[in-house]
Amino acid sequence: MRKALVLLATLVLSAAFAQNSVEIFSWWAGDEGPALEALIKQYETDHPGVEVINATVTGGSGVNARAVLKTRMLGGDPPDSFQVHAGQELIGTWVVADRMEDLTSLFKEQGWLTAFPQGLLDLISTDKGIWSVPVNIHRSNVLWYVPANLEKWGVTVPADWNEFVTTTCPALRTAGVTPLVIGENWTVQHLWESVAVAEMGPDGWRGLWDGSVAFDSPEAQAVWETFDKVLACTNADFTGLSWQQATDRVANGQAAFNVMGDWAAGYMATTLGLEPGTGFAWAASPGTDGVFILLADSFGLPKGAPDRDNALAWLELVGSKKGQDIFNPLKGSISPRLDSDLSKYNAYGKSAAADYQSDTQVGSLVHGAVANETFMSDFATVMETFLSNRDAAEAASLAAELAGRAHIGN
Amino acid sequence: MKLHGDRVTAFLMLLPSLILLAIFVYGFIGRTAYVSTTDWGSNPAQALALEPQLEPVGAANYVGLFTSRFNARFRQDLVNTFFFTLFFLVGCLGLGLGLAILLDQRVRGEAVFRTIFLFPFALAFIVTGTIWRWMLQPQGGLNVLPTLVGLPKLELPWLTTRQQVWRFDWRHLPAYLAVIVALVLLIFAWRAWRNQRRGRGATLGVVALALGVWGGFGAPGLTFLPYSELHGFNVAFIGIVLAAVWQMSGYTMALYLAGLRGVPEELREAARSDGASEWQLYRHVILPLLGPITLSAMIILGHISLKIFDLIWAMAGSDNAVTDVPALLMYLRTFRGNQFAEGAAIAMVLLVMVAAVIVPYLWTSLRSEVRR
C-alpha cells in the first residue's frame, strides 16, 4: 500500500514538474493516428529527452476536440500546441481574442514565406501576423464517380451545374440512379460551397468573406436558386447518411456522382480497395475547373504555453519538408509546401498536388478556412431552414443576418 | 435556547453538502442567470479572451430568442419539446399501465417478463439512440421486418422526413393559450360552484369568459412577432418518441405494478361483491388509487423529456434541425458557436420549464409532509 502511494506521488510529481515535455493537442486518431504518430516519433528522434504528450480528443473534423480545447483555454490551461483548421477558425476565434502568438519570425527564419504559396499565406495571416503552421492540404471541390458506370448510363462528367441540371440529371433519372448523392447536414454545406464558388467565381466567393459582397446580394441569392435545382437531383434520405455511406453509393452504382473532399480518395483506395483512375475517378466539381477550394490542418502556439521552446521546435518540424513528407503520404493529404517530394504520393495525390500548385486558391467554409466558429456553427441552421422550405430569398437573408451576428466581413 | 449536542453534530454533518450545493447548484444557476444578461459571445474579440469584458444587455438575449427571425429554430424547438413531451408521456403512461395490469393478472413467469420489460431502462440513452438509429434506417431495420414473413418492404422515411403537420402561426400563440387557460379556469369555476363556493365560482367564471373572448378574437393587443411564422409537429419525431417510450415504459410499468400491488385485496373483493364488473373495478376503484403514482411518473418523465439531449444526439445527430430541442441548441450555440450569453439564456428558459414541472410537485409533497 505504502509503495503504491509513493509510486503514485512520484508519478503526480513527475507529471507536475516534468521540465522537458511538450503537449500536442489534436483530433487525429484511428485512421489518421499513424500519420501523427510518425511525426511524433521523428520529433522524439530529433529531440531526445523531450517527452511528447499526445493529447487526442476523437471526433470527425474536431467537433469534440474544439469543445475540450475551449474549456481548457478558458480555464487558463492551454496545451503547448494545438491542431486547428488553418484560417478563420483560428483567426476569428483565438487570434481576435488575443490568445495566440505571432509566428512571423519563425516563418522568416525557416524560409517559409516562399516555401508556401501566397494563397495559403493569405488565409493564415492578418495584418498583425502569421498565426499557424499548415501541415497538410485537402481539396474540397472534387467530384467523384466510377468511369465504367458513367459509360454504362451514357453520361459524361458535366462541365458546369447548368449542364448537370439540364442534361446529366434527367439522363441519370431515366437510368434509375441517383444523379448526385449527399449525406448529413455538413456534406450538404460542403456541396453548397462548391456550387457557390462555381456560380460566384473565386473573387465573388472571397468577397463574401471580406465583406465586399453581401450574403443577401442578388448574386449570393442566385447561388441558392441554383443550389435548389441541384438538390432536386439528390437522394431524399440524406439526413442519416455519413459521408462514407454517401461515397459507398457511388462506389456500388446506386448513385453517379458525389462531391466530397479528397479524403474520399483515401477511403475508396484503402478501405474499399478501388484502383485510382479506373475503380474510381475524379474531376473538379462542375464549374470550378482551375479553382482549388482548400482546407488545411495546422498547428499554432497559444499564449502561455507551458513549454514554449519545445512547442516551437515542434512547429519547426511540422512546417519542414522532412516533417511534411513523413506526414502527408500516411494521412492521404498533400503537402502545402511547393517543394514536396511528389514521388511519395499515389495517383490521386500527384494530380491534386499539380492542381494545388497551378490553380487559383480559395478557402473552404465548412472546413474552417474562411469563417469563424460562430458563422460555421449556425450556417447549419441556415442550411436546415433552406432544406425544409427551399426559399432562396429567405436563406440569403438569414445568411446575411448570421454574417452580421458573426462579424463576418468587418 | 440551548443547543443540543446532536443538533450541532447533525448540522456539521450536513454542512459540507450544503456548501457544495450552494456553490455547484445555486451558485452556477446564479452565474448562468448573470451571463444570460450580458453580451458574452456577441463580440468575437471578447468571446474567448482570457479575461472577457462583459457588458450588461438586460433581457436582450431573451427578446432575441423569442422575436428575432434568426431564432425561429429556437421557437420550433419549443414546439418540438411540447409535442415530444406530450406523446412521450402518453406513450409511457399508457404502455406502462397496460403492461402492469397484464402482469398483475398473476401470469406465469411474471418475474421473467418484468425483467424483460424493465431491461431497456438499464441502458443509457446514448445506447438506445444508437440502436434505434440503426433500426430506423430507411434502407433497413424496421422497414425490412415485413419481408421476413413475405410481405413487401416498408418505405417509411422515419427520421429522414422533413414533413410537418398541425401547423399553426406563432403569432396566434397568445390567443390559443388564452383559450386553453380559459377552459381550465371554467372547469375550476364549475367545481367551485358545485362545492357551494358560489362567490369564487362566479369570479373564476367571469375571468374565464373574459379571457376566452379575448383569445377568441385573436388576442388583440399582444403580438410576439411582426410577421407570420409557421410551426408544427415534425413527423420525424415519431421515431424518437418510439425509442424514448421503448426505453422508459418499463420503468413506468414498475411504478404502476408497485401501485397495483399496494391496492388491498379487500377493496377489490368489496367492489366485486357489490357487483362491479372488472372494468368498473379498474375505472372506479383501482385507477383513482393509482393517481399519486401517475403524478410521480409524470413528473419524472416530464423533466426527462424537457432535458432530453443524448437520445436525439445519437439518433439524429446534432445539426438536424428537424429533430432539434432546446438543450441541443443550447450546446451548439454555446460550445460550437461561442454565443455564451445566448446559450445561457436558452439554459434559463429550460430551467424555468423544468421548474414549472418540479416546483408544484415539491410544494405539494412538502406541504403534505408538514401536515403529517
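**View 1. B:Cys92, a buried cysteine in a predicted model.** Buried or exposed: which is B:Cys92? Its relative accessible area is 0%, so this residue counts as buried, the cut-off being under 20%. Keep in mind for every view here that the model is predicted.

**View 2. The disulfide between A:Cys169 and A:Cys233.** Searching the whole structure, over all chains, turns up 1 disulfide. Here the sulfur atoms of A:Cys169 and A:Cys233 sit 2.1 Å apart. The bond ties together distant parts of the chain: A:Cys169 lies in helix 9 (residues 161-174) of chain A, while A:Cys233 is in the loop between helix 11 (218-231) and helix 12 (243-251), 64 residues apart. Look along the S-S bond and you get a torsion of about -105 degrees, so this disulfide is left-handed. Both A:Cys169 and A:Cys233 are buried.

**View 3. Helix 1 of chain B and its bend.** This helix covers residues 5-35, which makes 31 residues. At 1.5 Å a residue it should span 45 Å, and the end C-alpha atoms are 43 Å apart, so the two agree. There is still a bend of about 35 degrees at B:Leu15, with a proline, B:Pro16, following within four residues.

**View 4. Chain A, the setting for the disulfide.** Chain A has 18 helices and 12 strands. Its radius of gyration is 22 Å, close to the 22 Å from the globule rule for 410 residues, so chain A is as compact as a globular protein of that length. Buried residues account for 57% of the 410. Of the contacts in chain A with a separation of 6 or more, 77% join residues 24 or more positions apart.

Methods:
Residues numbered from 1 in each chain as written. Chains lettered and ligands numbered in written order. Predicted model: local features only at pLDDT ≥ 70, side-chain atom pairs only at ≥ 80, totals over all residues. Heavy atoms only, no water. Disulfide = S-S within 2.5 Å. Helix = DSSP H or I, 4+ residues; strand = E, 2+ residues; numbered from the N terminus. Buried < 20%, exposed > 50% of the residue type's maximum accessible area, 1.4 Å probe, protein only. Expected span 1.5 Å × (residues − 1). Bend = angle between axes of the 7 residues up to and from the residue. Rg over C-alpha atoms; globule rule 2.2 N^0.38 Å. Contact = heavy atoms within 4.5 Å.
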